[in-house]
Structure formats: C-alpha cells, structure tokens
Amino acid sequence: MTGGVAGVPALVAGLCDDAAVFPPGLAPLPDAVRAYRDRRDRWYAGLVGPLVLAAAALPRLGPLLPPDVRLPLSVTLPGGPADLPAALADVAPLPVEVRSVEVAVPEGMATAEFLDLLAAGVPGDLDVYVEVPRDLRRVAVLEALASSSGRYRAKFRTGGIRADLHPDEAELAAGIAAVVEAGVPFKATAGLHHAVRNTDPRTGFEQHGFLNLLLATDALVRGGTESEARTLLAERDGATVAGLVRAADPGVRAAFTSFGTCSITDPRDELVALGVLTAPVPEGIH
C-alpha cells in the first residue's frame with residue numbers, strides 16, 4: 001500500500017473527515033478549528049479529509065480563521081437544498097475551500113422536488129453528497145443518483161444515538177452494492193467509531209467497522225456478491241480484517257471516498273495497531 005500522502009498509504013489517505021463538532025464528540029467550534037489547523041504538520045495529516053461543519057455554524061467561522069489560512073470544508077445541509085444559497089454566501093468571504101456539501105432529503109419531500117431544488121442551486125465544481133433516506137424514498141433516491149451522470153454522490157448513515165439508527169449488514173450491503181454497480185461514489189457517517197465490527201459495551205449497539213466497510217466495497221468493486229459484502233461487514237476478528245486490508249486495492253477509494261469521525265486520533269491509533277499505518281519511531285529510539 002504505497003502512493004499515499006506524506007507517509008500515509010493511498011488506501012487510507014484522506015479517509016477520515018473531521019466531524020469533531022458532531023455527536024458524540026461535540027467539540028466547540030473554536031477547539032475543532034484549532035485542532036484541525038494544528039494537525040497540518042503531524043505525520044498522520046494525510047489521513048484527514050476536510051473539516052465537516054453544519055451550515056448553521058458558518059456565520060461563526062470567520063473570526064476563527066487568520067487570513068492566510070485556507071481551511072478545507074465539507075458543509076452539511078440538514079435542512080435540504082433550500083439552505084445551500086445562504087451557506088455559499090456565508091463562506092464566500094472566508095479563507096476556506098469548500099470541497100463538498102452533504103445534503104439531506106427533508107422529511108416529507110418528494111425525490112423529484114428535492115432534485116429540482118438541488119439542481120437549481122449547486123455550482124458545477126462542487127462535490128455533492130446526497131444523504132440516502134432509510135424510508136420508502138430510498139429506492140427512488142438511489143435510482144436518481146445512478147441516473148445523475150456522475151453529478152451527485154451518496155452518503156449513508158451507519159449509526160446514531162439509538163439502536164434502530166444502525167443499519168444491519170443486509171441493508172448496508174444492499175446500499176453499497178447499488179451505488180457501486182451504478183458507479184456512484186459514496187461516503188459514510190455516524191457510528192463508525194472503530195476500525196472493526198464490534199458491539200458497544202456501553203450501549204449494546206452493533207457498530208460497523210470502517211475497515212469492514214472498506215473491505216465490503218472492495219469486494220463489490222472487484223465483482224463480488226452482495227452476500228460476500230454482508231460477510232465482510234460482519235467480520236469481527238481484527239487480525240482477519242487487517243490481513244484482508246493489506247490485500248485490498250487502493251483504487252477502492254474511488255468508490256468509498258471517506259467517513260465522518262468525531263475523533264481523528266482513535267482511528268489513527270487503531271490503524272497503527274492493526275498495521276495499516278506505521279507511526280514514525282521517536283528520535284533516540286532504535
């Protein structure tokens with residue numbers, strides 16, 4: 001696994017979007033911005049994608065940024081595409097680089113109406129992730145993404161504060177299979193607190209592992225079956241997952257672009273423990 005960013009393998013370069021301000025981290029905005037900036041010169045900086053902020057936080061961002069900083073951002077629009085013009089206006093005078101927007105389909109809004117609003121407000125040079133609903137609109141949204149000629153990407157929620165917010169292996173594998181077959185890149189968010197599939201000892205929730213998700217995607221990209229993807233999503237043995245990751249094709253990242261995490265150090269440390277990342281040896285230690 002070579003060809004990454006400053007010592008970070010290509011397979012995991014930019015894999016972790018910094019969602020520190022979201023639950024369960026809930027970092028104050030000034031702390032999140034400071035930590036993101038301070039991380040730029042660390043050995044694992046290449047692991048990190050943009051800082052993820054909700055549109056509502058943008059008006060408070062300006063005083064936190066020196067003029068010589070270009071802060072990479074992904075902006076979430078939980079209120080739907082109607083909030084996009086105001087968000088773009090808020091960031092226009094700021095020293096930021098908006099790399100993507102993540103747009104939710106408002107409850108009760110038909111897919112056709114959503115897509116019309118989105119098409120009317122999105123600049124052509126922006127990556128647009130559409131959050132795939134987990135209700136009856138799911139199939140229509142997935143079909144719309146597949147027929148968008150590469151204009152839109154998908155975003156899957158993989159967890160939350162209740163057990164029912166965690167999709168099982170069958171649901172998640174089916175969603176990934178649909179977008180992989182259609183050539184639609186996707187990202188994931190929520191619930192991916194560990195590299196490997198696990199049961200949270202505090203809540204009892206079943207949590208997907210972000211490396212399991214990477215492996216399931218890799219299998220599907222290689223022409224594997226949805227059943228294989230389900231099996232990989234369910235694998236709980238860290239050594240098995242790490243071994244399979246070492247054989248994965250870095251090209252899978254064209255399909256699975258990133259996942260949102262409220263901690264960067266936790267996935268970093270787990271990737272090191274699994275042998276996917278190699279931390280530099282401190283000076284004086286041989």
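Two strands pair if DSSP finds at least two bridges between them. Helices (H or I, at least four residues) and strands (E, at least two) are DSSP runs, numbered from the N terminus. This is a predicted model, in which local features need pLDDT of at least 70, side-chain atom pairs count only at pLDDT 80 or more, and totals for chains, interfaces and linings use all residues. Residues are numbered from 1 along each chain as its sequence is written, and side-chain values use heavy atoms, with hydrogens and water left out.

**View A. Eight strands form a closed barrel.**
The order is β1-β2-β3-β4-β5-β6-β7-β10, with parallel pairing. From one strand to the next, the twist averages 30°. Angles run from 0 to 180 degrees between N-to-C directions, and axes are lines fitted to C-alpha atoms, for helices over the stretch in contact.

**View B. β4 and β5 pair in the parallel sense.**
Four bridges join β4 and β5. Valine 101 stands opposite valine 128 in β5. Helix α4 packs on the sheet and touches β5 and β6 (contact means heavy atoms within 4.5 Å). The direction of α4 makes about 150° with that of β6.

**View C. Helix α3 has buried residues along one face.**
Helix α3 spans residues 111-121, and its buried residues are Thr111, Phe114 and Leu118. Buried means under 20% relative accessible area, exposed over 50%, and partly exposed in between (1.4 Å probe, protein chains only). Seen down the axis of α3, the buried residues fall within an arc of 60°, so they line one face of the helix. That arc is of the directions from the helix axis to the C-beta atoms. The face turned away from the buried side carries the exposed residues Ala112, Asp116, Ala119 and Ala120. The buried residues of α3 pack against β4 (96-103), β5 (127-131) and α4 (138-146).

**View D. Lysine 155 lies in strand β6.**
Lysine 155 counts as buried because its relative accessibility is 3%. Not counting residues up to four places away in sequence, lysine 155 touches Thr76, Glu102, Tyr129, Val130, Glu131, Val132, Lys187 and Thr189.

**View E. Alanine 163 sits in a loop.**
The loop runs between β6 (153-157) and α5 (169-182). Alanine 163 is partly exposed, because its relative accessible area is 46%. The C-alpha atoms of alanine 163 and proline 133 are separated by 17 Å. Along the chain, these two residues are 30 residues apart.
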